[in-house]
Amino acid sequence: MPRDDAGDAPPQRTAHDRWEVARPQGRTSLDGVRMAGYRDRTGSRLDMQVLPQPAVIVVIGLGAGPITVECASGQRPLGGLVASLSPRPARIRGEGVECVEVALSPRAAYALLGVSPLELDGSITGLDDLWGRHARLLREQLADTASWQERLALTDGFLGQRAAGAPPMAAEVAATWDAIVAGRGRVRVADLAASCGWSRKRLWARFSAQIGLTPKRAAMLVRFDHAARALLAGERAGDVAAACGYADQPHLHRDIQALAGCTPAALAGLTASTGP
C-alpha cells in the first residue's frame with residue numbers, strides 16, 4: 001500500500017488527501033513488527049510499483065475487490081499478499097483498497113511466516129498460500145470489525161499466537177543483519193564473518209537460509225533503501241550516490257536498476273500513489 005516509513009513515529013490516526021492511515025495505540029506485542037491500517041478515501045484505482053525494502057511486507061486485504069499483483073509471470077488477484085525483502089519488479093493494482101499492512105523485520109519474518117525466507121524466492125506470494133485457512137479466518141474477522149484499533153489489536157494477537165514456539169533466528173545471523181542495518185549497507189562481508197566467529201562460507205549459508213538473501217545482497221538492499229528514500233524526497237542522484245556509499249553515480253544506477261527495475265530518475269518521479 002502507500003509507501004510509508006512507520007519507524008518509531010508516535011501512534012496516530014491521520015487523514016490525507018487520499019489515504020486514511022491508522023496506527024496502533026501503543027507498541028505491538030512483538031519486536032520487529034510494525035503495522036498500520038489503510039483505506040483509500042476516494043475509492044479510486046490504485047496502481048503502485050512494488051519497491052524492495054529491508055522488511056517483509058504482509059498485506060491483508062479488507063476491501064470488496066481483490067488486490068491484483070502484476071509481474072513478469074502474469075496477473076494474480078489476491079485477498080492478501082506477502083512481498084519478500086527483494087521482490088522482482090511488480091505492480092499492485094486495485095480499487096477502493098482497504099487493508100492492514102504489516103512490516104516484518106527479517107527476524108520477525110523468520111518466526112512468523114511459517115516457511116524459510118528462501119522459499120519466497122524474491123516473489124510476491126499469496127497470503128493464503130502461506131497461512132491457509134488461518135489467513136482467510138483473520139481476513140473475515142478484520143472485515144467484520146469496524147474499528148481500526150480493534151482490527152490492529154486482532155492482527156497483533158494473531159501474530160502473537162503464530163510467534164509462540166516459533167524457532168529463533170541464530171544469534172550470529174541476527175547480529176550480522178543488525179550490523180548491516182547499522183552500517184547502512186556499507187559493510188564488508190569478511191568483517192561480518194570475523195565479528196561473529198564464523199567462516200565466510202558458514203555465514204553465507206546460514207544467513208541466506210534464515211534471511212532469504214546473501215549478506216552481500218542484504219547490504220545492497222539496505223543501501224538501496226536509503227538511496228530510494230532520498231530520491232523520493234527529491235535529492236539529486238549524484239548527491240545520493242555520494243551520501244549512500246556508492247562508488248559513483250553509475251554504481252547507483254546499476255543497483256537501482258537491479259533491485260527496482262527502473263532508473264534513478266524514474267524512481268524519483270514516482271507519483272504520490274507510492275506514499276501518502
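User: Buried means under 20% relative accessible area, and exposed means over 50%. By that reading, are W19 and Y38 buried or exposed?

Analyst: This is a predicted model, and the answer is read from its atoms. Both W19 and Y38 are buried.

User: How many aromatic pairs are there?

Analyst: To describe two aromatic rings, one gives the distance between their centres and the angle between their planes. In this structure the count is 2 aromatic pairs. One of them joins W19 and Y38, with 6.3 Å from centre to centre and 85° between the planes, which is an edge-to-face arrangement. W19 belongs to strand β2 (residues 19-22) and Y38 to strand β3, so this pair ties together parts that are 19 residues apart in sequence.

User: What are the distance and the angle for W131 and F158?

Analyst: The ring centres of W131 and F158 are 5.2 Å apart and the planes meet at 55°, so the pair is tilted. W131 is in helix α3 and F158 in helix α4 (residues 148-163), so the contact ties together parts 27 residues apart in sequence. W131 and F158 are both buried.

User: Rings can also meet charges. Where does the charged end of R151 sit?

Analyst: The charged end of R151 sits over the ring of W148, at 4.7 Å from the ring centre. Another such case is R223, which lies over the face of Y246, 5.2 Å from the centre of the ring.

User: Turning to strands, which of them pair with β10?

Analyst: For a strand, look at its partners, then at its two faces. Strand β3 (residues 33-40) pairs with β10 in the antiparallel sense over 7 bridges, and M35 stands opposite V102 in β10. Strand β5 (residues 56-61) also pairs with β10 in the antiparallel sense, over 6 bridges. Here G61 stands opposite C99 in β10.

User: How many residues of β10 are buried?

Analyst: Strand β10 (residues 98-104) has 7 of its 7 residues buried. Both faces are covered: one side carries E98, V100, V102 and L104, the other C99, E101 and A103, and all are buried.

User: How many salt bridges does a search of the whole structure find?

Analyst: The whole structure has 14 salt bridges. Among them is D47 with R91, whose closest N and O atoms are 2.7 Å apart. This pair links distant parts of the chain, with D47 in strand β4 (residues 45-49) and R91 in strand β9 (residues 90-95), 44 residues apart. D47 is partly exposed at a relative accessible area of 29%, and R91 is partly exposed at 27%. D47 and R91 are also linked with E70 and R93 in a network of salt bridges.

User: Which residue forms a salt bridge with D129?

Analyst: D129 forms a salt bridge with R76, and the closest N and O atoms are 2.7 Å apart. Distant parts of the chain are linked again: D129 is in helix α3 (residues 127-143), R76 is in strand β7 (residues 74-78), and the two are 53 residues apart. The relative accessible area is 47% for D129, which is partly exposed, and 38% for R76, which is partly exposed too.

User: What is the distance between the closest N and O atoms of R236 and D239?

Analyst: In the salt bridge of R236 with D239 these atoms are 3.2 Å apart. R236 is exposed, with a relative accessible area of 60%, whereas D239 is partly exposed at 40%.

User: Last, the cysteines. How many disulfides are there?

Analyst: The distance between sulfur atoms decides this, and the cut-off is 2.5 Å. A search of the whole structure finds 0 disulfides. C71 is in none, and the nearest cysteine sulfur, that of C262, is 16 Å away. C71 counts as partly exposed, at 32% relative accessibility.

How values were computed: Residues numbered from 1 in each chain as written. Predicted model: local features only at pLDDT ≥ 70, side-chain atom pairs only at ≥ 80, totals over all residues. Heavy atoms only, no water. Buried < 20%, exposed > 50% of the residue type's maximum accessible area, 1.4 Å probe, protein only. Helix = DSSP H or I, 4+ residues; strand = E, 2+ residues; numbered from the N terminus. Pairing = 2+ DSSP bridges. Salt bridge = Lys/Arg side-chain N within 4 Å of Asp/Glu carboxyl O. Phe/Tyr/Trp six-rings, centres within 6.5 Å; stacked < 30°, edge-to-face > 60°. Lys NZ or Arg CZ within 6 Å of the ring centre and 35° of its normal.
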